[in-house]
Amino acid sequence: MAHDKIIGGAFIAIGAFVGAVFLLSLFNSEPEEIFFPLAFQVVLAICALQVASGIALLRKVAWARHVATPTAVLSVLQFPLGTPVGLYYFWYLWKLETKKT
C-alpha cells in the first residue's frame, strides 16, 4: 500500500530531523545552558521510536501497526510537523478498520 510507504517515510524524516536538531542544540550550547536533560532524553527517545516505526512500516513487519499507533499519538503532539502525519496515520488506520467490517 502506498499509505504505509508515505507514513513510514514521514515518520523517519520527522524523527531524524527533530533528533538532529536536538542533538545539534545539545552540542552547540554551553553546559550551564543545557536545562532539563531529561527532556532531551525523552525527545530523543520519541525520535528513535519514530524512526523505528517508519522502518517497520516500510518493511511491512507484523508488529508495525502496534508500534506505529503510539508513535502517531506522540507525533500529534509535535506541532507543526508531526501533527499532520499523526492525523494522517489515524485516518489511514480508521479507513483500514472500516474496510474490514
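Colleague: Are F11 and Y89 buried or exposed?

Modeller: Both F11 and Y89 are buried. This is a predicted model, where local features need pLDDT of at least 70, side-chain atom pairs count only at pLDDT 80 or more, and totals for chains, interfaces and linings use all residues. Residues are numbered from 1 along each chain as its sequence is written, and side-chain values use heavy atoms, leaving out hydrogens and water.

Colleague: What makes Y89 count as buried?

Modeller: Buried means under 20% relative accessible area, exposed over 50%, and partly exposed in between (1.4 Å probe, protein chains only). Y89 has 1% relative accessibility, so Y89 counts as buried.

Colleague: And why is F90 called partly exposed?

Modeller: The relative accessible area of F90 is 30%, which lies between those two cut-offs. F17 is partly exposed too, at 49%.

Colleague: Why is the pair of F11 and Y89 called tilted?

Modeller: Rings of Phe, Tyr and Trp (its six-membered ring) pair if their centres lie within 6.5 Å; planes under 30 degrees apart count as stacked, over 60 as edge-to-face and the rest as tilted. For F11 and Y89 the centres are 6.4 Å apart and the planes stand at 45 degrees, so the pair is tilted. This pair links distant parts of the chain, 78 residues apart: F11 is in helix α1 and Y89 in helix α4 (residues 82-100). Helices are DSSP runs (H or I, at least four residues), numbered from the N terminus.

Colleague: What makes the pair of Y89 and F90 edge-to-face?

Modeller: Their centres lie 6.0 Å apart and their planes are at 65 degrees, so this pair is edge-to-face. Together, F11, Y89 and F90 form one aromatic cluster.

Conventions. Helices (H or I, at least four residues) and strands (E, at least two) are DSSP runs, numbered from the N terminus.
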